[in-house]
Amino acid sequence: MNLSDFKNKIKTLDQNLLKSILNGSALVMIQDKELGLGASNGAFVIFWIEDERFSSIEDLRGYLEIESEDLFTNYYTHSPLSKEYFETKLSDLMNENGEASFTAQPGDMPEKSLIVSDGELCVLTEEDYIFKYGLFLQLEDKLNSKISSVKARNWLQSGAAYNDYIAVNVFRFSAIE
């Protein structure tokens, strides 16, 4: 979900959902596509009422709208993309750019690498200054592009691509302030 989508979803939260937040539920991210309710001590929490006081549902809505950019930024600073969203987006990017473009032959760099920025999976190329820090599949053996494509698709479908994404970000997502 990007910031614009997030702001629109905050603006259109229904009365019952906002009432539930006033009654102690947390606002949570659902597969990086939707906003819903959950427990304040659960996963994917965006907001819950701690010390804040709200006199009405509209007061809460106004607060969430004003704070939406900070809520969004804080969420994605400390929370990974959901596996479902990550894998769907990576599949789309592989279809668009070619699976083999996200693989690197032994000792080489790939054509493209991946990074998550502001809640979106983005493609990097050699022109991007952070390209070498992006996520890609490092092949152990030199393979032709057809076999590299199969390996990349298996990397995605096996869940290994998501596991690699989490592994390189584990310290960021587990940071406690």
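Lys and Arg count as positive and Asp and Glu as negative, with His and the chain ends not counted; each charge is placed at NZ of Lys, CZ of Arg, CG of Asp or CD of Glu. The model is predicted, so local features need pLDDT of at least 70 and side-chain atom pairs count only at pLDDT 80 or more, while totals for chains, interfaces and linings use all residues. Residues are numbered from 1 along each chain as its sequence is written, and side-chain values use heavy atoms, leaving out hydrogens and water.

**Exercise 1. Find how far apart the mean positions of the positive and negative charges of the protein chain are.**

Step 1: the protein chain has 16 positive and 29 negative charges.
Step 2: their mean positions lie 4 Å apart.

**Exercise 2. List the elements of the protein chain from the N terminus on.**

Step 1: helices (H or I, at least four residues) and strands (E, at least two) are DSSP runs, numbered from the N terminus.
Step 2: there are 6 helices and 7 strands.
Step 3: their order is α-α-β-β-β-α-α-β-β-β-β-α-α.
Step 4: as for extent, the C-alpha atoms fill a box of roughly 65 × 30 × 30 Å along the principal axes.

**Exercise 3. Work out whether A160 and A43 are buried, partly exposed or exposed.**

Step 1: buried means under 20% relative accessible area, exposed over 50%, and partly exposed in between (1.4 Å probe, protein chains only).
Step 2: A160 sits in helix α6. Because its relative accessibility is 24%, A160 counts as partly exposed.
Step 3: A43 belongs to the loop between β2 (34–38) and β3 (45–47). Its relative accessibility is 52%, so A43 counts as exposed.
Step 4: for the chain as a whole, 40% of the 177 residues are buried.

**Exercise 4. Describe the second largest pocket and its lining.**

Step 1: on a 1 Å grid over the protein atoms alone, a pocket is an open set of points where a 1.4 Å probe fits, with protein on both sides within 12 Å along at least five of seven lines; lining residues have an atom within 4 Å of a point.
Step 2: grid points are joined across faces, edges and corners, and a volume is the space filled by probe spheres set on the points. The second largest pocket has a volume of about 200 Å³.
Step 3: it is lined by 12 residues, and L114, I115, Y133, V168 and N169 are the closest to its centre.
Step 4: β5 (113–117) and α6 (160–173) each supply at least two lining residues, and α6 gives the largest share, 4 residues.
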